[in-house]
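Let's take a quick tour of a protein, stopping at a helix, a cavity and a strand residue. Keep the picture handy while you read.

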Amino acid sequence: MKITQSSRQVLVCQNRTCRKQNSAKVLAAFQKLSPSEVEVVASSCLGQCGNGPMVLVLPEEVWYNGVFPEEVAAITEQHLRGGKPVERMLYRKFHRLSN
């Protein structure tokens, strides 16, 4: 299945713990920087409390954790525009390092 940009979503958790970790600023950065074809969604809890702010890119199911607003540009350019996840920022619970 080929992934088109128009089918992509970026979910940014806005539940209590993530909000305490500045997820509102992360959401605002994605809304500002993401390509117009990518839908940015303020989501409810993504079930990974304490590891946030959590970001989930769909449909690829790529998870990022502990995202700072200043890191959103790297995710936007390398992953959303370039098609390659930012490996150093991946949530290790779901993604292993490639060798």
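Here is a short briefing on a few spots in this structure.

This is a predicted model, where local features need pLDDT of at least 70 and side-chain atom pairs count only at pLDDT 80 or more, while totals for chains, interfaces and linings use all residues. Residues are numbered from 1 along each chain as its sequence is written, and side-chain values use heavy atoms, with hydrogens and water left out.

**Helix α2**

- Helix α2 covers residues 23-33; helices here are DSSP runs (H or I, at least four residues), strands are E runs of at least two, and both are numbered from the N terminus.
- S23, V26, L27, A29 and F30 in α2 are buried, where buried means under 20% relative accessible area, exposed over 50% and partly exposed in between (1.4 Å probe, protein chains only).
- Those residues sit on the same side of α2 because they cover an arc of only 160 degrees around the axis, going by the directions from the helix axis to the C-beta atoms.
- The buried residues of α2 pack against β1 (9-13), α1 (16-20), β2 (39-43), β3 (55-58) and α3 (72-81).

**S23 up close**

- S23 belongs to helix α2 and has a relative accessible area of 0%, so it counts as buried.
- A polar atom of the S23 side chain lies 3.3 Å from the backbone nitrogen of R19.
- Setting aside neighbours within four places in sequence, S23 is in contact with V12, C13, Q14, C18 and P53 (contact means heavy atoms within 4.5 Å).

**The cavity**

- What is the volume of the largest cavity? The answer is about 50 Å³, taken as the space filled by probe spheres set on grid points, which are joined across faces, edges and corners.
- A cavity is a set of points, on a 1 Å grid over the protein atoms alone, where a 1.4 Å probe fits but cannot get out, and lining residues have an atom within 4 Å of a point.
- Residues lining the largest cavity include C13, N15, C45, G47 and M54, and α1 gives the largest share of the lining, with three residues.

**V41**

- V41 is in strand β2 and, at 23% relative accessibility, counts as partly exposed.
- Leaving out neighbours within four places in sequence, V41 is in contact with Q9, V10, L11, V12 and L27.
- V41 and F94 are 53 residues apart in sequence and 21 Å apart in space, C-alpha to C-alpha.

Key
Polar contact = N/O pair within 3.5 Å; in protein donor to acceptor, adjacent residues only side chain to side chain. 1 Å grid on protein atoms, 1.4 Å probe; cavity = no way out; pocket = protein on both sides within 12 Å on 5 of 7 lines; lining within 4 Å.
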